[in-house]
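Here are some notes for your review. Please read them with the structure open.

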Amino acid sequence: MIIRVMGEIEIHCFEPDGIVGSTADIPPLSSLDEVRDGDIINWLGYALDNPAAPSLDEDENWRGQVEGAAKILAAPALEKANADDFVLLLVLREKWPVGTKAKFKIQADRVGASHTYRLLSCPLQKGADITDEESLSAAETASLRAMIPTLKKIRKQFANSSGLQQFLHQLN
């Protein structure tokens, strides 16, 4: 199985070792009394959206934390996946509605993020090979293409997600 997690700035692709990680391995999450899925999503989104974050290629500890969070979120797909399956996780910056910003800020502050994020898990794709950039690109394209109707329908929720808005604008 191959997991590609796509944030606002960073895109990371890896093969999980089959073991779903623990939030105890992620310092901002390990300090919380109760970790919710939203906390993991917000932390992962911030990790992939933060230009000051360490490079995933250069910092093995940071990469392990990002991959651990992605594995937790991809756990349902991991249970039914085969070796050549590909799953794309989109972690997109959410637009904060006027008047309820305080609730969103509190959620983001729990994990040290500057925004809240939403997770969209694309449909599994078959036949991806992590050593073949062409097959990864084809699987990513097929995943995004399958999500176009959903993304168009909910595009206003992600008004702060410049990458998504650019992608949808290119389709028009």
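**Notes on the predicted model**

1. Start with what is covered in helix 3. Its buried residues are Trp62, Gln65, Val66, Glu67, Gly68, Ala69, Ala70, Lys71, Ile72 and Leu73.

2. Next, the geometry of helix 3. The helix runs over residues 60-73. From first C-alpha to last it reaches 20 Å, close to the 20 Å expected at 1.5 Å a residue.

3. What caps the N-terminal end of helix 3? The cap is Asp59. A side-chain oxygen of Asp59 lies 3.1 Å from the backbone nitrogen of Asn61.

4. Now the packing of helix 3 with helix 2, which spans residues 37-49. The two pack at an angle of about 140°, and their axes are 10 Å apart. Helix 2 is therefore oblique to helix 3. The cut-off matters here, because only angles over 145 degrees count as roughly antiparallel. The crossing of helix 2 past helix 3 is left-handed.

5. Glu94 deserves a look. This residue sits in the loop between strand 3 (86-93) and helix 5 (101-109). Is Glu94 buried or exposed? Glu94 counts as buried, because its relative accessibility is 6%, and the cut-off for buried is under 20%.

6. Which side chains does Glu94 contact? One partner is Thr116, through a polar contact of 2.8 Å between side chains. Another is Arg118, whose side chain joins that of Glu94 in a polar contact of 2.5 Å. Check both pairs in your viewer.

7. On cysteines: how many disulfides does the structure hold? The count is 0. Cys122 has a relative accessible area of 3%, so Cys122 is buried. Cys13 is at 21% relative accessibility and therefore counts as partly exposed. The value for Cys13 is 21%, and buried means under 20%, so treat that label with the cut-off in mind.

8. Last, Ala142. This residue lies in helix 6, residues 133-153. Its relative accessibility is 27%, so Ala142 counts as partly exposed. Where is Leu124 relative to Ala142? The two are 18 residues apart in sequence, and their C-alpha atoms are 9.4 Å apart in space.

Conventions. Residues numbered from 1 in each chain as written. Predicted model: local features only at pLDDT ≥ 70, side-chain atom pairs only at ≥ 80, totals over all residues. Heavy atoms only, no water. Helix = DSSP H or I, 4+ residues; strand = E, 2+ residues; numbered from the N terminus. Buried < 20%, exposed > 50% of the residue type's maximum accessible area, 1.4 Å probe, protein only. Polar contact = N/O pair within 3.5 Å; in protein donor to acceptor, adjacent residues only side chain to side chain. Expected span 1.5 Å × (residues − 1). Disulfide = S-S within 2.5 Å. Axes fitted to C-alpha atoms, helices over the stretch in contact; angles between N-to-C directions. Parallel < 35°, antiparallel > 145°, perpendicular 65-115°, else oblique. Left-handed = near helix turned anticlockwise from the far one by under 90°.
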